[in-house]
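Then I will look up some salt bridges.

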Amino acid sequence: MTMTVMTTTMITATGTEKRNKRMSGRARTITIAALVTVAFITGYMIRGGGDSPPADDEAAQQVAAEVWTCSMHPQIRLPEAGKCPICFMDLIPVNQGAGEDLGDRQLAMSESAIKLAEIETRPVLRRPAEAVIRTVGSVAFDETRMSEITAWVPGRIEKLLVNFTGAAVRRGDPLAEIYSPSLVSAQEELVQAKRAYDAASEGDSSARSTLNAAREKLRQYGLTSAQISAVEKDGRVSRRIVTYARSSGVVVDLAVKEGQYVKTGSTLMRIADLSKVWVTFRAFQSDLPLIRPGQEVGFTSTAHPGVTFPGSVVFVDPVLDPKTMTAGVRAVASNEEGSLRPDMFVSGEIFVPLGADGRAVKPGMKEHAGHPLLIPATAPMLTGKRAVVYVRLPGSAEPVFEGRDVVLGPKAGDSYVVLSGLEEGELVVVNGAFKIDSELQIRAQVSMMNPEGDAPPPVHDHGGQGDRGGHEAPPGRVSAEGADAERPYGHITAGSVMLKELGPVYDAYFDVQMALAGDDHAKAVIAYRGLEEKTGSVDMTLFKGPAHEIWMDLSSKIAKYSAEGAGSKDIAAARNSFYHLSKSVIELQDRIGHSDGDFYLTFCPMARDNTGAFWIQEVDTVYNSFYGAVMLRCGSIEKKLPSPGSE
């Protein structure tokens, strides 16, 4: 406990130099304190509980041990007991004789050690599963329910009976009165034909043909059967002919005014039936294989808090938008009450039933599809390319845990679909897997970050930190690749390959930053989704030693706040998520760094009710993500953050 306090105090001491280093200093304090706790649990408790061993046992253990290591920094391998040259914690012996009858990926633990390490297991189950794809979109007109009122004959608009956009009309309602010489002439022809027919003998087919031709001409001019019958009955010609609505809906475009002359085919107005609407969502290419027509959709709008509107997918766009790399997903929703209005922004969820193979079940085939194999989402340890779980083996005298590489399918709520690597009924570790993996790594056995086993992680040069006289040495990064591009910069010296792996994460963060500076909530939500996806795609095997521990901590925070931002209901909530997200990204830049170009630490003292907020930019001109256009240039560039190669 004393060593924990010493470590925390040293880190906090350097965090008072500058304003931005205060932020990263506090974050490092929390991270180190948490990792020290893990070290005590995994490196000490696993070896026999929390009681201090007698002095004689300690001496015997010291003689028997050939290699000593640090629970916090397993890359440290020394031939004798002492202090860790990095964090000054007591070294612990690598018990090389324990578990000789176990496999390279197996670890035996006592029940008391399991309890102290808070190891929890859950069975692998085969049950119905449904993936949920969260996305955003907007309401649009149902193009199949739109009608256009046009002029059937050339003429003049004498009177508009519906004279404003937004007016509701029903099928058969009068819309406009038109004067047309062609219509007057055609009516006169009908009147004359009717008189000739009435005067003709009963069998005169010529008179009947002339009458039918006159009727058909008026019908082609857009008159209804009732209007034609009225002309025949009255025997009078009307100067004005009324145009009627042929469908119900709302006038969305009024193209003419009273007194205006129109030609045949000219648009008078457009009517949209809003009893059903389209909702167009944007889906990332990684989600497209799961989306099919017929799937159910639920979506919400800030205009109707607490209300979820149902719908169903009817079309998936076959072409990606090259700017956003997303495709449109069209759903149809009922709108009998008129609550949904075109261009309304919505947040939606697409529900995807999954089969035994982890693929989307075709609509109507759900009852015939098998159930997938599922594990809790907290069970797998994801490295970007591999997924590792720890399984408690049955039938052993003492609890034994074994690491497994598994192939995962899509995420289904709080579970993952397992395609291979596990069997139904096996017990997987859902809490404490990282502690087990850390212990295997200390023992130089096969682990998530040491898939080959037999060799400890590489020892890194820290610039002679072993002779510091109890004072914290100048910050320096620990390389991910030995001497490759190693430079004292920030807290860790990072190798170029590891830095390039972080490039897409930074790019996605800057997309969020600029979308908020532009007051574009919809674009920010899409950018948050992209950041969450890029963070989960990082290859964690490139991060060794302290860099791995730092990325494990910060990546979970970045993913958390990205998910919060993607689910935000308005731009205020999105900016609140950006505040917390930026703290983690700033710490990532401070402790690991970035690959190319210069970044700029930016500060606005008025953000968040005058408490102030930091963020990172790609340019040295302030683009305020907390105020947008209202105070776009409010703030200052606090510090230039060069990449290792540009220093």
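I started with strand β25 (residues 407–412), which runs antiparallel to β26 and is joined to it by four bridges. I noted the terms: strands are DSSP runs of E, at least two residues, numbered from the N terminus, and two strands pair if DSSP finds at least two bridges between them. This is a predicted model, where local features need pLDDT of at least 70, side-chain atom pairs count only at pLDDT 80 or more, and totals for chains, interfaces and linings use all residues. Residues are numbered from 1 along each chain as its sequence is written, and side-chain values use heavy atoms, without hydrogens and water.

β25 and β26 form a hairpin with two residues between them. Gly413 in that turn has a positive phi of about 65°.

Next I followed the sheet. It is open, with four strands in the order β6-β21-β26-β25 and antiparallel pairing. The edge strands are β6 (125–126) and β25, each pairing on one side only.

Then I turned to salt bridges (a side-chain nitrogen of Lys or Arg within 4 Å of a carboxyl oxygen of Asp or Glu). I found 25 in the structure. In one of them, Glu424 meets Arg126, with the closest N and O atoms 3.8 Å apart. Glu424 lies in the loop between β26 and β27 (427–431) and Arg126 in β6, so the pair ties together parts 298 residues apart in sequence.

I also looked up Arg404 and Glu426, a salt bridge at 2.9 Å, N to O.
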